[in-house]
Amino acid sequence: MIIRKSERQLNKMRKAGRLVAETLLQVIERIEPGITTGQLDSIAERYIRCRGGTPSFKGYRGFPATLCTSVNSEVVHGIPGTRRLKDGDVISIDVGAVVDGYHGDSAVTVEVGDVSDETEDLLEVGRGALSAGIEKVRPGAYLGDVSHAIQAFVQHKGYSVVRAYAGHGIGRDMHEAPEIPNYGRAGQGPRLKTGMVLAIEPMVNRGTHEVKTAPDGWTVHTADGELSVHFEHTVAVVEDGYEVLTCRCLCSE
Ligand code: MG
Ligand code: MG
């Protein structure tokens, strides 16, 4: 069952989303060659806690950190640690936070120093894929419309979407129904209704869509070692379409 949130609950989710967005901004500002993924994690955890939130991921099924930091061919769920970022890398930062019992969840992939034109292109397609999905969100649309828009956008650009991991509903639990695949058919699946909140999160690979999990049991990387990017927003279905709860344009209230 897909849980619909009341306006009062949505207000709590707006707070969680805003904290997640602010945390990402704090982390993005510090990304540069030489910094370690562990240092980025400390920045995020400190920020979330000092703003009265709790990291969603830390302790989740034993995950040890506040952020997932996935570098280059790592797709998702990378564990922060002693790895130092290098010029030309890309790093995906995924963060969740709970405020007043509700979760926000968002991810962004960022370039480290100067990246190649090819890398820049993949980043742009990743960002575009997330937008293409979000733009389909409105009451009455099908969940499959979102999935299909993402897949079509990515494949048209010659890249592939990861199939083994998907987006998800979000609320009191970080992962609620429905599952939101990044591929599928328009006009299929459940209809969207006001009050539903979706974490939409395309993972886009330069090579094949296939992925593998590293021996640490967490880090997911591309099977062919090619680059991967990941973008995610927590999005509410509202009367006139969608509202991005984790928007980093924090000036607009
Ligand atoms: Mg996430
Ligand atoms: Mg998520």
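1. Metal spacing. Along the chain, the donors of the magnesium ion (ligand 1) follow the spacing D-x10-D-x126-E. Donors here are N, O and S atoms within 2.8 Å of the metal (3.2 Å for Na, K and Ca); water is not among the atoms, so sites may look incomplete. The protein donors are Asp 94 (OD), Asp 94 (OD), Asp 105 (OD) and Glu 232 (OE).

2. Basis of the model. This is a predicted model, in which local features need pLDDT of at least 70, side-chain atom pairs count only at pLDDT 80 or more, and totals for chains, interfaces and linings use all residues. Residues are numbered from 1 along each chain as its sequence is written, chains are lettered from A and ligands numbered from 1 in the order in which they are written, and side-chain values use heavy atoms, with hydrogens and water left out.

3. Two ions, one bridge. Asp 105 bridges the magnesium ion (ligand 1) and the magnesium ion (ligand 2). The two ions lie 3.1 Å apart. The site also links distant parts of the chain: Asp 94 is in strand 4 (residues 90–99), and Glu 232 is in the loop between strand 13 (228–230) and strand 14 (233–238). These two residues are 138 residues apart. Helices (H or I, at least four residues) and strands (E, at least two) are DSSP runs, numbered from the N terminus.

4. Burial at the site. Are Asp 94 and Glu 232 buried or exposed? Asp 94 is buried, at 7% relative accessible area. Glu 232 is buried too, at 0%. Buried means under 20% relative accessible area, exposed over 50%, partly exposed in between (1.4 Å probe, protein chains only).

5. Five strands form an open, antiparallel sheet in the order 8-7-9-14-15. Two strands pair if DSSP finds at least two bridges between them. Strand 8 (176–180) and strand 15 (241–244) are the edges, each pairing on one side only. From one strand to the next, the twist averages 25 degrees. Strand 7 (residues 167–169) and strand 9 (residues 197–200) pair over two bridges. His 168 has Ala 199 in strand 9 as its bridge partner.

6. A helix on the sheet. Helix 3 (residues 117–134) packs on the sheet and touches strand 9, strand 14 and strand 15. Contact means heavy atoms within 4.5 Å. The direction of helix 3 makes about 20 degrees with that of strand 14. Axes are lines fitted to C-alpha atoms, for helices over the stretch in contact, and angles run from 0 to 180 degrees between N-to-C directions.

7. Salt bridges. How many salt bridges does the structure hold? It holds twelve. Each is a side-chain nitrogen of Lys or Arg within 4 Å of a carboxyl oxygen of Asp or Glu. Glu 22 and Arg 51 form one of them, at 2.9 Å, N to O. Glu 22 lies in helix 1 (residues 7–30) and Arg 51 in the loop between helix 2 (37–50) and strand 1 (54–55), so the pair ties together parts 29 residues apart in sequence. Glu 22 is buried at 13%, whereas Arg 51 is partly exposed at 45%.

8. Further charged pairs. Lys 58 and Glu 45 meet at 2.8 Å, N to O. Lys 58 is partly exposed at 37%, while Glu 45 is buried at 16%. Arg 127 forms a salt bridge with Glu 120, with the closest N and O atoms 3.6 Å apart. Salt bridges that share partners join Glu 7, Arg 14 and Glu 243 into one network.
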